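Open the model in your viewer and keep the sequence panel beside it. The stops below go one selection at a time.

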Amino acid sequence: MTLDRKLEWDWFPGVVPENVVLDDTTHVETTYSFQLFRSAAPEAVRLGRGSSIYLGVMFDLGPVARVHVGDFTLMNGSRIICDSEITIGDYCLISWNTVLMDTYRVPISPAIRRTLLEQVASHSSRRVEPAEQARPIAIGNGVWIGFDSIVLPDVNIGDGAIVGARSVVTSDVPPYAIVAGNPARVIRQLDPESSRRAVAEAVQRFNVSTLLQ
Amino acid sequence: MNAPADLPIAGHWVHGPPPPNVSLGAGTIISGELSFKRFRATSKGALIIGANCTMDGVHFAIESQGRVTIGDYCYFTNALLLCELELRIGRYVMMGWNSSIADSDFHPIDPAERIADAIACSPLGSGRPRPAIAKRPVIIEDHVWIGPNATILKGVRIGEGAFIEPGSLVTRDVPPRARVLGNPAQIIGEVP
């Protein structure tokens with residue numbers, strides 16, 4: 001990132017917003033990802049060391065939203081619709097056309113939505129302001145989310161879980177579970193104890209603390 | 001209504017005016033470079049959009065005989081409308097990012113017919129007629145909300161005020177004010 005918060009390789013003529021925290025080990029492919037970003041929160045987006053945010057990721061963040069991404073996490077085309085807080089751990093792999101949403105943004109009641117749509121049409125920005133209580137999402141470490149999957153508001157996904165392609169995750173996923181389907185169900189459960197040990201060994205083997213220095 | 005500075009409005013299309021058989025109501029905004037990339041409709045009034053709509057990055061993939069009508073105050077974000085016959089969308093309908101509606105199977109179900117179709121569609125198939133393909137109109141009534149990544153298939157009628165959860169695949173009619181989720185979409189509740 002240059003001093004004026006542009007990306008040297010960027011095809012889009014944008015800047016990285018001031019309240020997006022990253023360092024020179026983070027790769028952001030394009031500032032187009034911040035086109036719908038309008039959070040004024042401090043550290044509204046924090047990208048971990050060695051994380052990469054590829055083309056197609058869209059940070060659609062409301063006025064007070066915060067998204068925190070861990071180290072070595074790779075995102076490649078996620079629509080992040082956030083009005084409260086979405087936390088994503090370390091070593092996560094998040095695939096194409098996934099939707100992570102902590103809010104529906106509009107109420108389920110048609111009458112209120114009608115008033116909202118009339119207000120939206122009278123504003124030049126045409127932005128839908130948050131009109132619904134957002135409920136945070138927490139994704140643990142080492143989670144793999146398959147393409148076209150959706151994580152709905154108030155969902156927690158445990159460490160090491162796998163979400164199969166095209167799943168819709170409507171409720172919490174236990175650590176080291178494999179879920180799939182719409183709505184997503186547990187289709188397999190790995191042993192948390194031995195998985196945790198193997199993960200700790202892998203972190204040791206790759207000398208992660210040295211990589212992060 | 002004045003045109004917002006950063007978005008093109010009816011008649012001020014980024015790549016020139018919309019096709020002549022498209023009619024847009026006052027205060028309706030269409031943005032996105034690919035909106036009419038797959039627009040092949042030839043009939044008069046093939047796409048009629050009411051007033052005060054926001055059509056952001058919507059693909060109007062309307063085939064030669066297709067007709068799409070959209071009511072007032074609709075708000076679509078990167079939706080895909082695939083139409084060979086008819087899509088009738090009411091007022092105050094919202095469609096989320098990457099959602100889609102199709103009124104056709106696009107190809108026949110019968111395996112032999114599908115071979116005929118593959119040949120007819122190929123670069124060597126010039127002039128060969130395509131086999132008959134199932135098409136049925138899709139009707140979306142007023143105040144329906146369609147979540148991101150949801151898909152609505154042919155012949156479906158979605159009743160007034162229904163709430164289609166993100167990622168749903170809707171293969172059957174949805175009663176008014178029902179809340180549906182899943183593949184295939186099932187009723188999980190009611191809109192209060």
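How many bridges join strand S16 (residues 163-164) of chain B to strand S18 (residues 178-181) of chain B, and do the two run parallel or antiparallel? Two bridges join S16 to S18 in chain B, and the strands run parallel.

Before going further, some conventions. This is a predicted model, in which local features need pLDDT of at least 70 and side-chain atom pairs count only at pLDDT 80 or more, while totals for chains, interfaces and linings use all residues. Residues are numbered from 1 along each chain as its sequence is written, chains are lettered from A and ligands numbered from 1 in the order in which they are written, and side-chain values use heavy atoms, with hydrogens and water left out. Strands (E, at least two residues) and helices (H or I, at least four) are DSSP runs numbered from the N terminus, and two strands pair if DSSP finds at least two bridges between them.

**Stop 1**

Select B:Phe163 and B:Arg179. B:Arg179, in S18(B), is the bridge partner of B:Phe163. Four residues lie between the strands of the S18(B)-S19(B) hairpin, where B:Gly182 takes a positive phi near 110°.

Zoom out to the whole sheet. It is an open sheet of eight strands in chain B, in the order S2-S4-S7-S10-S13-S16-S18-S19, and its pairing is mixed. S2 and S19 of chain B are the edge strands, each pairing on one side only. Strands of a sheet pair through backbone hydrogen bonds, either parallel or antiparallel.

**Stop 2: the five-strand sheet of chain B**

Select S5, S8, S11, S14 and S17 of chain B. They form an open sheet in that order, with parallel pairing. At its edges are strand S5 (59-62) and strand S17 (169-170) of chain B, each pairing on one side only. Strand S14 (residues 151-152) of chain B pairs with S17(B) in the parallel sense over two bridges. Within that pair, B:Thr151 has B:Leu169 as its bridge partner in S17(B).

**Stop 3: B:Thr28**

Is B:Thr28 buried or exposed? B:Thr28 counts as buried because its relative accessibility is 0%; buried means under 20% relative accessible area, exposed over 50%, and partly exposed in between (1.4 Å probe, protein chains only). B:Thr28 sits in the loop between strand S1 (22-24) and strand S2 (29-31) of chain B. A polar atom of its side chain lies 3.2 Å from the backbone nitrogen of B:Asn52.

**Stop 4: A:Thr25**

Move to chain A and select A:Thr25, in the loop between strand S1 (20-21) and strand S2 (27-28) of that chain. At 32% relative accessibility, A:Thr25 counts as partly exposed. Its side chain makes a polar contact of 2.7 Å with the side chain of A:Asp23. A polar contact is a pair of N or O atoms within 3.5 Å; within protein, one must be able to donate a hydrogen and the other to accept it, and residues adjacent in sequence count only if both atoms are side-chain atoms. The side chain of A:Thr25 also reaches the backbone nitrogen of A:Gly50 at 3.0 Å.

Not counting residues up to four places away in sequence, A:Thr25 touches A:Arg49, A:Gly50 and A:Ser51 (contact means heavy atoms within 4.5 Å).

**Stop 5: A:Thr98**

Select A:Thr98, in the loop between strand S10 (93-94) and strand S11 (99-101) of chain A. A:Thr98 is buried, with a relative accessible area of 0%. Its side chain reaches the backbone oxygen of A:Ser95 at 2.8 Å. Leaving aside neighbours within four places in sequence, the contacts of A:Thr98 include A:Gly77, A:Phe147 and, from chain B, B:Trp97.

**Stop 6: confidence**

Colour chain B by pLDDT, the predictor's confidence in each residue, from 0 to 100. Chain B averages 91, and 92% of the residues score at least 70. Over residues 1-13 of chain B the pLDDT is below 50, although this stretch has 29 contacts in the model beyond near neighbours in sequence. Where pLDDT is low, the predicted coordinates should not be read in detail. For the complex, the predictor gives an ipTM of 0.92 and a pTM of 0.92.
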